[in-house]
Amino acid sequence: MTDELESMLLDGRVEPPKANGEVIFDEPWQNRTFGMARSLCEAGYYTWDEFRACLIQQIESWQADHSEQEPYQYFDHFLAALTDLMALKGLCETRELDQRSRAFADRPHGHDH
Amino acid sequence: MNDDQKHHDHDHDHEEKSPQAIRTEALESLLIEKGLLSEHAVDDVIANYAQRVGPMNGALLVARAWTDAEFKQRLLSNATQAIAEYDFQGGQVDHLVVVENTPERHNAVVCTLCSCYPWAVLGLPPKWYKDPAYRSRIVREPRALLAEMGLPLDKKIEIRVWDSSAEVRYMVLPMRPAHTEGMTQDELAALVSRDSMIGVEVLEASSRAGQPS
């Protein structure tokens with residue numbers, strides 16, 4: 001980062017990325033999913049183009065049965081794209097993920113972390 | 001707050017967890033067990049995008065282009081090369097194209113298929129950018145949509161919409177607002193909004209121009 005930019009950030013002349021009056025992540029899991037998708041890409045398990053192809057497929061299949069006016073949950077598609085890609089690459093089977101998800105959902109409250 | 005209350009609130013948060021939140025947690029736990037991911041790496045990525053990747057980087061380029069004709073020329077002819085010296089993080093600028101707004105032509109950026117966006121210069125895209133309505137309407141009826149978004153453009157102004165492809169990412173070079181003569185690059189950068197670099201806003205002679213910096 002340039003010194004110029006650093007000083008602008010420090011004295012608050014430049015707003016942080018999320019402060020444009022809109023929130024980029026509505027819920028913490030969305031941020032986490034984005035972080036996982038980028039980490040795995042940076043670690044070389046897939047290229048971003050491969051991820052993009054899965055994301056486009058998810059979005060297209062949703063749009064095929066829904067209108068523009070219906071509520072659209074971008075990060076649902078993003079998460080589905082990531083889990084598809086993990087299965088496609090043989091890194092994490094969907095069945096295994098389903099099982100773990102069920103086990104986590106069934107945890108007694110207060111013992112789920 | 002006493003311990004009982006704390007405990008209660010903590011449990012309550014977990015009861016509210018959505019199926020997506022649980023699935024995300026399950027996926028992360030499996031990938032960590034398999035040695036594909038570390039919690040630390042995910043935290044680092046998140047912190048990086050939250051703190052270092054954002055529209056302040058694009059704003060810096062715009063302000064420099066306004067004051068440095070030679071840089072502007074380089075930015076418009078090969079943006080990826082022109083920004084290499086900045087070492088911006090975040091990626092998605094391997095084939096960056098910067099398109100210039102003029103009094104005759106207004107540019108806007110979209111990704112019709114998903115959500116492609118030049119992260120290293122604009123940060124992560126806002127929610128509306130990813131919505132089906134923006135993605136289709138900005139192509140189908142850009143003038144009407146921009147007007148709805150608060151940017152009514154004169155009919156004489158041509159509108160060009162740039163659709164991201166597998167490789168190419170776009171950023172708009174907005175026009176420099178009036179009454180900003182004599183401002184430094186830093187002061188100018190502070191006037192540049194994210195939306196003006198997507199092309200859904202034009203920068204007016206800013207009220208912020210008079211503020212002490």
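A cavity, on a 1 Å grid over the protein atoms alone, is a set of points where a 1.4 Å probe fits but cannot get out. Grid points are joined across faces, edges and corners, and a volume is the space filled by probe spheres set on the points. This is a predicted model, in which local features need pLDDT of at least 70 and side-chain atom pairs count only at pLDDT 80 or more, while totals for chains, interfaces and linings use all residues. Residues are numbered from 1 along each chain as its sequence is written, chains are lettered from A and ligands numbered from 1 in the order in which they are written, and side-chain values use heavy atoms, with hydrogens and water left out.

The largest cavity has a volume of about 160 Å³. Its lining (residues with an atom within 4 Å of a point) runs to 19 residues, and those nearest the centre are A:Trp48, A:Tyr74, A:Phe78, B:Ser115 and B:Trp119. Two elements give two or more residues to this lining, namely helix H3 (48-65) and helix H4 (74-88) of chain A. Helices here are DSSP runs (H or I, at least four residues), numbered from the N terminus. H3(A) gives the most to the lining of the largest cavity, 4 residues. Sorted by class, that lining has 15 nonpolar, 2 polar and 2 charged residues. For this sorting, Ala, Val, Leu, Ile, Met, Phe, Trp, Tyr, Cys and Pro count as nonpolar, Asp, Glu, Lys and Arg as charged, and the others, Gly among them, as polar.

Next comes the second largest cavity, with a volume of about 100 Å³. Among the residues lining it are A:Ile24, A:Asp26, A:Tyr72 and A:Phe75, along with B:Lys127, B:Lys130 and B:Asp131. H4 of chain A and helix H8 (127-130) of chain B each supply at least two residues of this lining. The class count for the second largest cavity is 4 nonpolar, 2 polar and 4 charged residues.

What about the place where the chains meet? The size of an interface is often given as the accessible area lost when the parts come together. Chain A and chain B bury about 5900 Å² between them, with 60% of it on carbon and sulfur atoms; buried area is the accessible area (1.4 Å probe) that two parts lose on being put together, summed over both. The contact (heavy atoms within 4.5 Å) takes 64 residues from chain A and 70 residues from chain B.

Between chain A and chain B there are 16 residue pairs in polar contact, both at pLDDT 80 or more. A polar contact is a pair of N or O atoms within 3.5 Å; within protein, one must be able to donate a hydrogen and the other to accept it, and residues adjacent in sequence count only if both atoms are side-chain atoms. On the side of chain A that touches chain B, H2(A) has the largest share, 11 residues. By class, that side has 30 nonpolar, 14 polar and 20 charged residues.

Methods: On a 1 Å grid over the protein atoms alone, a cavity is a set of points where a 1.4 Å probe fits but cannot get out, and a pocket is an open set with protein on both sides within 12 Å along at least five of seven lines; lining residues have an atom within 4 Å of a point.
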